[in-house]
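Let's take a walk through this protein model, one piece at a time. Have a look at the sequence and the fold first.

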Amino acid sequence: MSGKKEVEITEETGTDMTFNKANDIAKTYNQGTAQINPMTIIEKAIESNISPDNLEKLMQLQERWQANEAKKAFDLALSQAKPKLPIIYKKNKVEFGTTKYQFEDLAGISKAITPILSEHGLSFRWNTASDVQGMVTVSCIISHEMGHSETNTLTAPADSSGKKNAIPS
């Protein structure tokens with residue numbers, strides 16, 4: 001036994017910090033390592049009556065630190081999810097005239113990948129736009145629960161071939 005005292009923070013413990021933050025501090029204490037991050041520096045600076053200008057600089061440091069932590073968490077989650085993602089087979093068929101092809105619809109792809117992405121704190125959504133020149137832009141945004149997201153955007157002319165009306169094209 002290491003002789004370290006185990007600490008568990010409950011909702012009744014203290015009123016100065018949030019429940020989750022208190023537990024994070026307890027985990028650090030239990031591991032026996034002091035973890036310094038910009039927020040702990042800001043707390044100490046406030047206690048020392050730091051100037052508003054310097055406090056603003058520390059807040060910017062905190063924002064950059066959080067963004068970096070979110071990016072690292074995103075990269076880790078994506079690398080852990082990728083090997084679990086299934087191969088997507090084109091099960092739907094289109095045949096009209098001389099045109100024949102197979103595809104998987106977005107609902108089928110979404111059904112296959114959403115549980116795996118969610119397991120790793122990831123989600124996705126779509127943004128679409130079109131312009132007066134007939135160009136259509138589709139963006140897929142993959143986001144992590146810690147706030148980092150990445151976007152992949154494709155732009156192409158609207159497809160008005162075949163028997164589509166103006167809305168799907």
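## A serine to start with

Leaving aside its neighbours within four places in sequence, which residues is S110 in contact with? The partners are P115 and F124, where contact means heavy atoms within 4.5 Å. S110 lies in helix α4, which covers residues 106–119. Helices here are DSSP runs of H or I with at least four residues, strands are runs of E with at least two, and both are numbered from the N terminus.

S110 and F124 are 14 residues apart along the chain, and their C-alpha atoms are separated by 9.1 Å. With a relative accessible area of 23%, S110 is partly exposed. As for the terms, buried means under 20% relative accessible area, exposed means over 50%, and partly exposed is in between, using a 1.4 Å probe and protein chains only.

## What kind of model this is

This is a predicted model, in which local features need pLDDT of at least 70 and side-chain atom pairs count only at pLDDT 80 or more, while totals for chains, interfaces and linings use all residues. Residues are numbered from 1 along each chain as its sequence is written, and side-chain values use heavy atoms, with hydrogens and water left out.

## The chain as a whole

The chain has four helices and five strands. Reading from the N terminus, the order is α-α-α-β-β-α-β-β-β. Of its 169 residues, 19% count as buried.

The accessible surface comes to about 13100 Å², and carbon and sulfur atoms account for 55% of it; the areas come from the Shrake-Rupley method with a 1.4 Å probe. Among contacts with a separation of 6 or more, 31% are between residues 24 or more positions apart.

## The sheet

Now for the strands. Three of them form an open sheet in the order β3-β4-β5, with antiparallel pairing. Why is one side of β3 and of β5 left without a neighbour in the sheet? Both β3 (122–130) and β5 (149–157) stand at the edges with a single partner strand each, so one side of each has no neighbour there. On average, neighbouring strands of this sheet are turned by 15° against each other, direction ignored. Helix α3 (residues 52–81) packs on the sheet and touches β3, β4 and β5, and its direction makes about 95° with that of β4. Axes are lines fitted to C-alpha atoms, for helices over the stretch in contact, and angles run from 0 to 180 degrees between N-to-C directions.

Two strands pair if DSSP finds at least two bridges between them. Nine bridges join β3 to β4 (residues 135–144), and A129 stands opposite T137 in β4. Nine bridges also join β4 to β5, where C140 has N152 as its bridge partner in β5. The hairpin of β4 and β5 has four residues between the strands, and G147 takes a positive phi near 110° in it.

## A separate hairpin

Strands β1 (residues 92–96) and β2 (residues 99–103) pair in the antiparallel sense over five bridges. N92 has F103 as its bridge partner in β2. This hairpin has two residues between the strands, and G97 takes a positive phi near 60°.

## Inside the core

Which residues make up the largest nonpolar core? There are seven: F74, A77, A81, I113, I116, L117 and L122. Such a core is a set of buried Ala, Val, Leu, Ile, Met, Phe, Trp, Tyr and Cys residues joined through side-chain atoms within 4.5 Å. Helices α3 and α4 each supply at least two residues of this core.

Setting aside neighbours within four places in sequence, L117 is in contact with A81, L85, L122 and F124. H144, in strand β4, is buried at 9% relative accessibility. Its contacts, again leaving out neighbours within four places in sequence, are A73, F74, A77, H120, G121 and L122.

## Aromatic pairs

The structure holds two aromatic pairs. Y101 and F103 have ring centres 6.3 Å apart and planes at 50°, so this pair is tilted. The other pair, F124 and W126, is edge-to-face, at 6.4 Å centre to centre and 80° between the planes. Rings of Phe, Tyr and Trp (its six-membered ring) pair if their centres lie within 6.5 Å; planes under 30 degrees apart count as stacked, over 60 as edge-to-face and the rest as tilted.

Y101 is partly exposed at 42% relative accessibility, and F103 is partly exposed at 31%. F124 is partly exposed at 21%, and W126 is partly exposed at 40%.
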